[in-house]
Amino acid sequence: MRAHASVLHLDLDAFFASVEQRDKPSLRGKPVVVGGVGGRGVVATASYEARRYGVRSAMSTREARSRCPHAAFLTGRFGAYREASRQVMAALREVSPLVEPLSLDEAFVDLAAADLPDLEVDTVTGVAERLRRRVTEATDGLTSSVGLASSKFLAKVASDLDKPDGLVVVPPGTETELLRPMAVTVIPGVGPATAERLRRAGVTTVADLERVPLEELVSLLGKAHGGSLHLLARARDDRPVVPEREAKSVSVEATYDSDLSDVRVMEAVLTRQAADVARRLRESGASGRTVSIKVRLHDFTTVSRSSTLSSPTDDPGVVARLARALLAELAAGPDVGVQLRGGVRLLGVGVSGLADWVQEDLFSSLEEPEDDEAEDLPEPPRARQGSAFAPGVDVEHVEHGRGWVWGAGRGVVTVRFETRESPAGPVRSFSLEDPDLRLWTPEVPEGDDPLA
């Protein structure tokens, strides 16, 4: 634990949705949902106006539409999000050289490395207030919530306490007082499964967890997990802010138009995805030890399994065989196996524990240079493909100028013509084959990658 509240965590508010509202004047102050727009899509981000109706991230688009049918449902514009993120990260680096991006919309900043006269609460609070204003200015109106504390864990907790557009400072010495009344799920690593195991042990708050002896936590959750929760319940976190974040995993996943129910077809999907993952590993000169699969069932339940090798690999046959073995493990289970055959909407393969070398003869003893099993698998189905003129994407018309797709279907594209700088604009419809209508992509200036 640091002696000063010198770790800052900044989280952009409803980031994807806020960028859409900024760039589309007619949507300002209205509910906006960004993510998959089809019946099998998933919500990535919902604006605060949509959240009032119960819409949240990771919810199915179908449920989101039933809760808030009058919202604007838009596909993602990742070019716009990356550009906004680049501007934010540049503003953070103006304050301190130690900036650790966690994603496009959040980062840690180490103020101990900044050029400040001291690290007293008033000083760092002033820095945080100025930084929030600078982010809003740099992004042309986006807001952020900031937490300041003596550790990364507490700073991240604090940034979530006064959303949106808030600032919370945790003075040194008050960390455990802040944490104790909170639900135990505030601690990283306490997901639904761990929370349920703790609940059965009578632990629902951080104060409850703090009273559990280390030996009991280790017995309940394992040495690494139990030890970590024992420390975090006491606000002990000495992790540094690390500016260089290397990729920790490579993964591929896809959602399908119709639920997959044939395990052989699922094996074929995983085999093809394993080849894609291995190709990306090789292109980056990396390899990995842990192979995992992700399965989202017909009822939206998501399960995963992983297996760790003794040495890293980038061999597509090895990754595919392990992925298929993990699927077989799921299929053999008494509960998941039945659900698996009831339908799978999403499948994915990932490799983590990355290294920059490969053990060439890892599986040489198997005398299986080719993945022969894959030859007998059925042709996997095509993943769901999006339309080029998906709702929300930027377009340009020769006569009417720039706008964005309001909707498309049956050979017609409906466009609202407006930009960030204009007032709410008119709506016009065109044939999908109209030669005067085309997608519009802004020029992205060269500069730092937001996640560099």
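**Notes on a predicted model**

1. Let's start with Ala235, which sits in the loop between helix H11 (223-232) and strand E9 (249-260). Helices (H or I, at least four residues) and strands (E, at least two) are DSSP runs, numbered from the N terminus. The phi angle of Ala235 is near 65°, a positive value in a residue other than glycine. Is Ala235 buried or exposed? With 2% relative accessibility, Ala235 is buried. Here buried means under 20% relative accessible area, exposed over 50%, and partly exposed in between, using a 1.4 Å probe and protein chains only.

2. A word on what you are looking at: this is a predicted model, in which local features need pLDDT of at least 70 and side-chain atom pairs count only at pLDDT 80 or more, while totals for chains, interfaces and linings use all residues. Residues are numbered from 1 along each chain as its sequence is written, and side-chain values use heavy atoms, with hydrogens and water left out.

3. Now find Asp140, in the loop between helix H5 (121-138) and strand E7 (144-149). Asp140 is not a glycine, yet its phi is positive, near 60°. Its relative accessible area is 44%, so Asp140 counts as partly exposed.

4. Another loop to visit is the one between helix H6 (152-159) and strand E8 (167-169), where you will find Pro164. The peptide bond joining Lys163 and Pro164 is cis, with omega about -10°.

5. Next comes Glu106, in strand E6 (residues 106-110). Glu106 has a relative accessible area of 15%, which means that it is buried. Which side chain makes a polar contact of 2.7 Å with that of Glu106? The partner is His9. A polar contact is a pair of N or O atoms within 3.5 Å; within protein, one must be able to donate a hydrogen and the other to accept it, and residues adjacent in sequence count only if both atoms are side-chain atoms. Beyond four places in sequence, Glu106 is in contact (heavy atoms within 4.5 Å) with His9, Leu10, Asp11, Met89, Pro101 and Lys156.

6. Met89 takes us to helix H4 (residues 78-95), where it is one of the buried residues. H4 has 18 residues and spans 26 Å from first C-alpha to last, close to the 26 Å expected at 1.5 Å a residue; the expected span is 1.5 Å times one less than the number of residues. Others buried in H4 include Ala80, Tyr81, Ala84, Ser85, Val88 and Leu92. An α-helix has 3.6 residues a turn, so residues three or four places apart point the same way. Against what do the buried residues of H4 pack? They pack against strand E1 (7-12), helix H1 (15-23), strand E2 (32-35), strand E5 (99-103), E6 and H5.

7. Asp394 lies in strand E13 (residues 394-397). It is buried, because its relative accessible area is 18%. The side chains of Asp394 and Arg77 are joined by a polar contact of 2.8 Å.

8. Five strands form an open sheet with antiparallel pairing, in the order E16-E15-E14-E13-E17. Strand E16 (427-431) and strand E17 (437-439) are the edges, each pairing on one side only. Two strands pair if DSSP finds at least two bridges between them; E13 and E17 have three bridges, in the antiparallel sense. Glu396 faces Arg438 in E17.
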